[in-house]
Amino acid sequence: MEQQSLRTDDCLESVIKAYSNMVYRLAFSQTRNKSSADDIYQEVFFRYIKKTPRFETEKHRKAWLIRVTINCCKKMWTSSWRKKIVPLDETIVFETKEETNLHYELQKLPVKYRAVIHLFYYEDLSIEEISETLNQKPSTIRTQLTRARYKLKEILKEGYNV
């Protein structure tokens, strides 16, 4: 009996270890705020522990975690508490100057474009996988990705006077 609970804890620990960076990065890309990303991170893994969902493959587990992270971010944006607060300015430290610049330029994109860009470039998901995760048509994802790239190109041109 005790061995079974240890196996569950081991499995939970390995899931958190495997997906913690992905969940946190996605939450941070959506919220643009460290403390909000921390809250979302905790909420996602709390829901995972509470629901104890069963998955056939790791791909399904990853898609579930991405979907829950995005849903938690949407819930945060629409909460009445969130609308009444003023976020503090945070300075995020990145390893290189390029990463810092890219982070701030990506934050200028609308939320729906940031999600697509993040899932495509940082999580290496295909357009079909993103469409399944976000419950949207692949053509919609392709359009959002194209528009996001175009907007990002325009933002980068303005910032660097290219």
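1. D124 sits in the loop that joins helix 6 and helix 7. Helices here are DSSP runs of H or I with at least four residues, numbered from the N terminus. The phi of D124 is near 55°, a positive value in a residue other than glycine. Most residues other than glycine have a negative phi. D124 counts as exposed because its relative accessibility is 63%; exposed means over 50% relative accessible area, buried under 20% and partly exposed in between, with a 1.4 Å probe and protein chains only.

2. This is a predicted model, in which local features need pLDDT of at least 70 and side-chain atom pairs count only at pLDDT 80 or more, while totals for chains, interfaces and linings use all residues. Residues are numbered from 1 along each chain as its sequence is written, and side-chain values use heavy atoms, with hydrogens and water left out.

3. On confidence: pLDDT is the predictor's confidence in each residue, from 0 to 100. The protein chain has a mean pLDDT of 82, and 81% of its residues reach 70 or more. Among its elements, helix 2 has the highest mean pLDDT (92) and helix 4 (residues 80-84) the lowest (69). Over residues 1-8 pLDDT stays under 50, and the model has 0 contacts beyond four places in sequence for them; a contact means heavy atoms within 4.5 Å. Where pLDDT is low, the predicted coordinates should not be read in detail.

4. The largest nonpolar core has 34 residues. Such a core is a set of buried Ala, Val, Leu, Ile, Met, Phe, Trp, Tyr and Cys residues joined through side-chain atoms within 4.5 Å. I40, V44, L65, I66, L109, L119 and L134 are the residues with the most contacts inside it. Elements giving two or more residues to this core are helix 1 (2-31), helix 2 (34-51), helix 3 (58-78), helix 6 (111-122), helix 7 and helix 8 (138-160).

5. V44 belongs to helix 2 and counts as buried, since its relative accessibility is 0%. Not counting residues up to four places away in sequence, V44 touches V23, L65, V68, T69 and C72. V44 and I66 are 22 residues apart in sequence, with their C-alpha atoms 9.1 Å apart in space. L65, with neighbours within four places in sequence left aside, has contacts that include Y19, M22, V23 and V44.

6. The count of disulfides is 0, a disulfide being a pair of cysteine sulfur atoms within 2.5 Å. C72 is in none, and the nearest cysteine sulfur, that of C73, is 7.0 Å away. C72 counts as buried at 5% relative accessibility, and C73 counts as buried at 1%.

7. In helix 7, the buried residues are I127, I130, S131, T133 and L134. Seen down the helix axis, they fall within an arc of 165°, so they line one face of helix 7; the arc is that of the directions from the helix axis to the C-beta atoms. Helix 7 spans residues 127-134, and N135, whose phi is positive, near 55°, follows it.

8. T133 is buried at 5% relative accessibility. A polar atom of its side chain lies 2.8 Å from the backbone oxygen of E129. Leaving aside neighbours within four places in sequence, T133 is in contact with A63, I66 and R67.

9. T52 lies in the loop between helix 2 and helix 3. The phi of T52, a residue other than glycine, is positive, near 40°.

Methods: Polar contact = N/O pair within 3.5 Å; in protein donor to acceptor, adjacent residues only side chain to side chain.
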